[in-house]
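Here are a few exercises to work through with the model open beside you. Try each task before you read its solution.

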Amino acid sequence: MSEKNVNRREFLKLTAVGVAVAAGTHAVTSTKASSDAPKGKHQWAMVIDQSKCTGCSYCTLACQAHNDINPEIQWNKVVEDGTVGDMHVFVPRPCMHCEKAPCVEVCPVKASYYREDGIVMMDYDRCIGCRYCQVACPYDARSFNWTAFTGKNPAVPEWGTPEVERRPRGVPEKCSFCYQTIDRGLALGLTPGVDPEATPACVNGCPTGARLFGDLNDPESIVSKMLHENPSYRLRENLGTGPRVYYLPAIPEKKEA
Amino acid sequence: MAKNLRSKLVITPWIAWLGFLGILLLGGLVAGILVFWKGLGITNLTDLVPWGLWITIDLSSIALAAGAFSLCAGVYLFGLKRYQPIARTATFVGLIGYTMAMLALILDIGKPERFWKALVYWNTHSLMWEVTMCVILYLTVLVFETMPILANLEWLRKRFPKIAALMERVHHYAPFLAILGLGLSSLHQSSLGAVYGVIKARPFWFKPEMSVLFMLSAIVGGISLTLFASMLASRLTNKAKVNDALIERAAQFVGYLLIGYFYFRAWDALSMTYTYDPGRSEGLSLLTKGPLAFNFWIGEMLLGMIVPMILLLYKPTRMNRFWRMTALLLVAAGVVAFRWDTNITGFLVVMPYISGQAVAYTSYRPSLIEIMAGTAIIAYGLTAFSLGVKYLRVVDHSLVEEEHAKVKVEAIEPLTV
């Protein structure tokens, strides 16, 4: 009698534990699945050293030319953020290519999506122009094409030649980490961040070397090393978006050195 | 000859009304063509305020169409059968509201020819996707629910009596349609609030109660608009016949609902004062002390909730048709004010992305094109309702008997215990 009771109790216990484990495993795996975080071989990231940035906006101009952007729109804005000592501090702001990008989550048609290498891409042919991504972006990184860009690009040819198609009227656009350069460079066996032919235009265009680009999965890449050796921060980190653009804060002594 | 013609063309108030709406519709047509031709660049929308007047019209039309699902649920699911004639009007108002929303959306999106992509490429993470799907599905439900009403068209009855009879038959499935309507509406009415509520980049919106507020205000405003429209129609034309006692009871219910809505809205605003939160506190200041203060205190709170609450719960004013109508119209207008305030406040506060920088501000005033197109969408709604009243007996509380199929349950044998 008592044996039977114990058996039943043990059976119940086992069942409870089993169910709990199953539920727990399911919860964990489903969280992973829903995050959709890219897990490709490369994980591109950008490091911007504010000690070196002089606010010259060459990066912006290179970007305007290579991506053939309407002069009313800037994918890559350079904003002044006060001074440290007598040094002016600037925040160049491309798209953050967030690990958990609000724009990807809110897009009703999956026109914004993650590439395996972490780049947040826009499918300009699928976008319906609802602008929800623009509303959701914490970094104002998206600009809407209120009108069609038909005129001459003033940044061409002085700052580079266009490598991508112009976007049509009625869709928002944003920085793409110059994915076309990265892909072409990788196909040629080059290393993005090391070989200029495989590196985003803004990084190549920076005269002071304030911008660095590379693969976070590669511990020997310049971005991995810089992030390992220096304190860094990301914009609006408290939102949990996980930006792939890191900033090394401005330190006046470093600039003089 | 000319004199003869003139004597034939008698301008009745009905003709004048349609003419007036026609002018507004024509203006909207011109504006709409310009928008499709020239693009959204001719609006006053910017990258900082990408959603403006049209989105408010879109949100308001859907909110004020909520009488359809709530009254149908009441009548067909919760056993409040005697309100069926009001639910009938609400269904028609609902169909108008959702088509108005569709018109506003088609104008507002940058690539209107691609609107169907939401049906093909599903991002189940996106509130916007969920709302789009629900709205399209619910619009379909509404079309079915309206079939028995459309069957009232004299021409259809005479020309295609069989089709008209078939359309009337749909009424027998009203309870099932009501279940679908309740489910779909609960989903998207609250999700429209969540469209704003999930945006963590903008703390003024980022809160769970957005869904609750949108849902509750939609039910309150939707029922109010239907009741108001019924009463107004019955005053203007003998084509509309209302059972005033029925409306009076429903209006009292709105009065009680208003207490709940007022509680949640006041609590929502007050809870924002609890701590300083960059963006949220500035938004609250804009709303309560800044350019939106009149809208908030007078439009939403005083005239949108408190005054109609008193008018509808105090028996002498509720029994008085003028005060009851005034109160119901104020409630509907208050819900529109809530939608406008919520949308625009979140944009007027420009959140800094550089830490330590102060919150900035922007402004928005709809352009003439936006106003013309927006007015035309409202004019379309008024035209559709006017025609419905005149030709489809949309507001006719005397119809109940012949329209509603009665199920006779006959006791075969008396029960013996």
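pLDDT is the predictor's confidence in each residue, from 0 to 100. This is a predicted model, where local features need pLDDT of at least 70 and side-chain atom pairs count only at pLDDT 80 or more, while totals for chains, interfaces and linings use all residues. Residues are numbered from 1 along each chain as its sequence is written, and chains are lettered from A and ligands numbered from 1 in the order in which they are written.

**Exercise 1. Find the stretch of chain B where pLDDT stays under 50.**

Next, look at residues 401–406 of chain B, where pLDDT stays under 50. Now count contacts (C-beta atoms, placed from the backbone, within 7 Å): the model has 4 for this stretch beyond four places in sequence. For the complex, the predictor gives an ipTM of 0.90 and a pTM of 0.89.

**Exercise 2. Check the length of helix 10 of chain B, then look for a bend.**

Helices (H or I, at least four residues) and strands (E, at least two) are DSSP runs, numbered from the N terminus. The expected span is 1.5 Å times one less than the number of residues. Helix 10 has 24 residues (174–197), so it should span 34 Å. Its end C-alpha atoms are 33 Å apart, which agrees.

**Exercise 3. Describe the side of chain A that touches chain B.**

First, the head count: 36 residues from chain A and 27 residues from chain B take part. Several elements of chain A each supply at least two residues, including strand 2 (77–84) and strand 3 (87–93). Helix 4 of chain A gives the most, with 4 residues. Sort this side by class and you get 22 nonpolar (Ala, Val, Leu, Ile, Met, Phe, Trp, Tyr, Cys and Pro), 5 polar (the others, Gly among them) and 9 charged residues (Asp, Glu, Lys and Arg).

**Exercise 4. Is A:Gly240 buried or exposed?**

Buried takes 20 or more other C-beta atoms within 10 Å of a residue's own, exposed 12 or fewer, and partly exposed lies in between. A:Gly240 sits in the loop between helix 7 (222–229) and strand 9 (245–248) of chain A. It counts as exposed because it has 11 C-beta neighbours inside 10 Å. For context, 43% of the 257 residues of chain A count as buried.

Notes: Bend = angle between axes of the 7 residues up to and from the residue. Contact = placed C-beta atoms within 7 Å.
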